[in-house]
Amino acid sequence: MKRIARLDPITAEQIAAGEVIERPGSVVKELVENALDAGATEIQVELTHGGKSLISVTDNGHGIVRDDLALALERHATSKITRFDDLLALSSLGFRGEALAAISIAGSLTMLSRAKTSVEAFQVQVGREPEAVTHGHFLGSPYGTRVRVENLFSQMPARLKFLKSPPSELSFVREWIERLSLTHPAVGFKLISDGRTTLQLKAGQTELERVRTILAGNDDFPIQVADSRDEGRGDSYPRVKLYWVQGLSLAQSRKILQVVNGRVLKDRFLQQAILSPLKQSFLPGQFPAIALFLEADPATIDVNVHPTKTEVRFLESGRVFQAIASLGETLISKRGAPAFVAGPGLPVSLGGSHDGIVEIRSGDAARVIGSDAAFLATPSNARSESFRSKDRFTAPFQFQAVSPSQVSSSGAGTVPESAIEPVVEQQQRPHPFPEMQFARYTGVAFQTYILYDLGREMVIIDQHAAHERIRYETLKARLSDSSRALNAQILLVPEVVSIESQKMRIVSKNLETLNSRGFEAEAFGDEKILVRAVPAEWGTDSLKTRLASLFDRLSEPDFDGSLIDETLFEALASEACHSAVRAHDALTRDQAESITSALFRCEHPWNCPHGRPTVVRVPESRFSEWFLRLV
Ligand code: ADP
Ligand code: MG
């Protein structure tokens with residue numbers, strides 16, 4: 001048995017420092033927070049080798065008086081709070097009084113500062129007395145502070161080993177500056193790496209301008225804003241504001257930004273709340289560019305739950321989640337304009353394609369364009385009777401605008417009119433894209449894309465993706481409607497699905513719920529499930545495979561019974577895809593227009609259930625660019 005001994009102070013300090021300082025980005029975060037707390041209006045960050053050799057942060061804030069300089073470097077030394085209770089009404093970013101101490105253990109730190117009240121600038125290093133230095137101008141102001149950190153982790157080889165290449169470390173630094181800059185749009189920021197300016201944010205921006213710069217760069221993506229105050233939720237807490245760059249889809253989640261009471265966070269709970277309403281608009285592995293600004297009663301937030309202060313705890317977490325998620329919902333469904341705007345470069349080259357997704361890179365933003373490769377890859381003649389006239393679903397109300405002549409003209413490659421059924425009737429909601437009501441139909445291109453002229457832009461609707469969305473919502477509405485869910489379809493021959501015996505126990509727990517949703521399924525021995533009926537909406541195509549994958553989901557050890565509906569909906573998405581009009585199916589004008597109008601009656605019109613866009617807008621100005629017209 002090992003005996004207990006006190007850690008020597010150096011080891012203990014190194015451990016504590018390690019919690020705060022993980023990489024150059026964390027040093028920059030802490031130093032920039034200090035500069036912001038000091039009221040700086042200009043902040044400059046300089047790096048060499050991604051910050052591995054040098055990190056220098058200069059500000060024009062109020063500075064530090066000589067007598068406090070050495071103290072600032074000590075652990076638990078702060079000017080921001082004096083008592084624990086001060087945390088309840090905190091307005092500064094720092095409060096733990098340990099950042100400078102931690103940084104000075106992780107690397108060699110020099111701090112030069114001239115206080116507003118002093119005529120001289122003083123410089124201090126750990127363990128040394130501050131000395132007067134003659135120079136002392138800081139970013140256009142005679143006072144301010146400069147902190148230099150050299151050779152980060154040179155005394156901590158275990159940490160050094162985990163640092164990435166200079167470009168990766170530089171991008172972490174840049175990310176932190178971008179995040180922090182959101183809380184202070186009036187402050188100017190400059191990032192210089194190995195002598196080159198890599199980021200410059202103008203001083204004096206508004207919140208919207210700053211958000212736009214950070215989230216969308218210089219691209220002309222529309223930014224959607226929703227504010228709980230404008231949604232009739234008064235000025236009660238929590239106040240939520242969301243800025244969403246519509247049409248931007250990124251492979252990483254780094255443009256999901258969170259600001260809570262002026263503090264930048266990277267909080268998983270908040271991330272989930274932000275993503276929950278957007279989930280079905282994004283393919284797995286794709287993320288939105290969105291910024292959350294949340295104001296909550298300071299007394300209901302604990303900011304002191306993590307050494308890096310990037311997480312908080314909410315007293316009323318349910319309310320906070322709800323407030324964020326419902327505003328997000330508003331943002332995408334009511335205000336939603338089409339989820340996608342075609343950017344420059346679109347008609348020239350589509351770049352590399354994989355998994356049916358074409359990415360066009362512009363800067364570091366990847367736009368995802370739906371291109372249903374699976375369908376495109378199928379020769380169109382194999383499609384000629386791909387649409388199943390034995391369509392199993394009878395429309396709740398008929399496809400409105402079909403004239404008799406069109407019905408009789410449906411031949412090979414065309415779509416029987418019963419195939420396109422409008423979404424089940426729902427409560428009136430405002431048209432998500434009101435301009436479409438005045439759009440001029442201009443035809444279908446490639447038997448795949450329905451085109452509209454909107455005066456100043458062209459609107460392109462993917463007939464398959466759109467119909468998939470419509471089918472999905474119709475099926476989902478029917479499944480959720482309990483009176484119809486009982487509408488089981490008895491199978492002529494029951495399906496027997498095999499299942500591993502140890503999974504059987506979990507599945508059988510869920511069978512009862514399943515049976516209340518239009519299934520008739522029962523355990524059959526201890527390795528089989530006998531299915532006598534499925535909901536009519538499920539259809540019977542490749543039923544065994546779909547049942548097997550359903551039971552597979554239900555048998556996951558942590559499967560939560562309350563997720564059963566969600567699981568059924570997922571299964572519906574693939575059924576919706578199956579039964580929807582395909583690319584290259586010839587549509588009549590009425591069918592095309594009816595897809596369009598049914599699409600905009602959907603709850604989530606902008607994406608198919610797999611997250612691909614249904615609508616693309618191309619502004620007229622883009623056409624002018626292609627044709628080299630001067631505009
Ligand atoms: P905290 O920010 O939690 O107070 P720090 O270790 O980051 O702890 O900083 C210690 C103290 O040093 C701060 O409370 C502040 O008074 C002072 N300080 C640090 N950086 C600056 C700066 N750039 N300008 C003015 N004062 C600073
Ligand atoms: Mg600090």
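**Notebook: a helix and a sheet**

I began with helix α1, residues 9-20. At 1.5 Å a residue, its 12 residues should span 16 Å, and I found its end C-alpha atoms 17 Å apart, which agrees. I note that this is a predicted model.

Next I asked which residues of α1 are buried. They are Ala 16, Ala 17, Gly 18 and Val 20. Buried here means under 20% relative accessible area.

I moved on to a sheet. In what order do its three strands run? I read β22-β24-β23, an open sheet with antiparallel pairing. β22 (488-498) and β23 (520-524) stand at the edges. Each has a single partner strand, so one side of each is left without a neighbour in the sheet. I noted an average twist of 15 degrees from one strand to the next.

I reminded myself that strands of a sheet pair through backbone hydrogen bonds, either parallel or antiparallel. I then checked β22 against β24 (residues 528-535). These two pair in the antiparallel sense over seven bridges. On β24, Val 534 stands opposite Gln 489.

Last, I looked up the helices at this sheet. Helix α15 (residues 501-515) lies across β23 and β24. Its direction runs at about 155 degrees to β23. Helix α16 (residues 543-554) also packs on the sheet, where it touches β22 and β24. I recorded about 65 degrees between the directions of α16 and β22.

Definitions and conventions
Residues are numbered from 1 along each chain as its sequence is written. Chains are lettered from A and ligands numbered from 1 in the order in which they are written. This is a predicted model: local features need pLDDT of at least 70, side-chain atom pairs count only at pLDDT 80 or more; totals for chains, interfaces and linings use all residues. Side-chain values use heavy atoms; hydrogens and water are left out. Two strands pair if DSSP finds at least two bridges between them. Helices (H or I, at least four residues) and strands (E, at least two) are DSSP runs, numbered from the N terminus. Axes are lines fitted to C-alpha atoms, for helices over the stretch in contact, and angles run from 0 to 180 degrees between N-to-C directions. Contact means heavy atoms within 4.5 Å. The expected span of a helix is 1.5 Å times one less than its number of residues. Buried means under 20% relative accessible area, exposed over 50%, partly exposed in between (1.4 Å probe, protein chains only).
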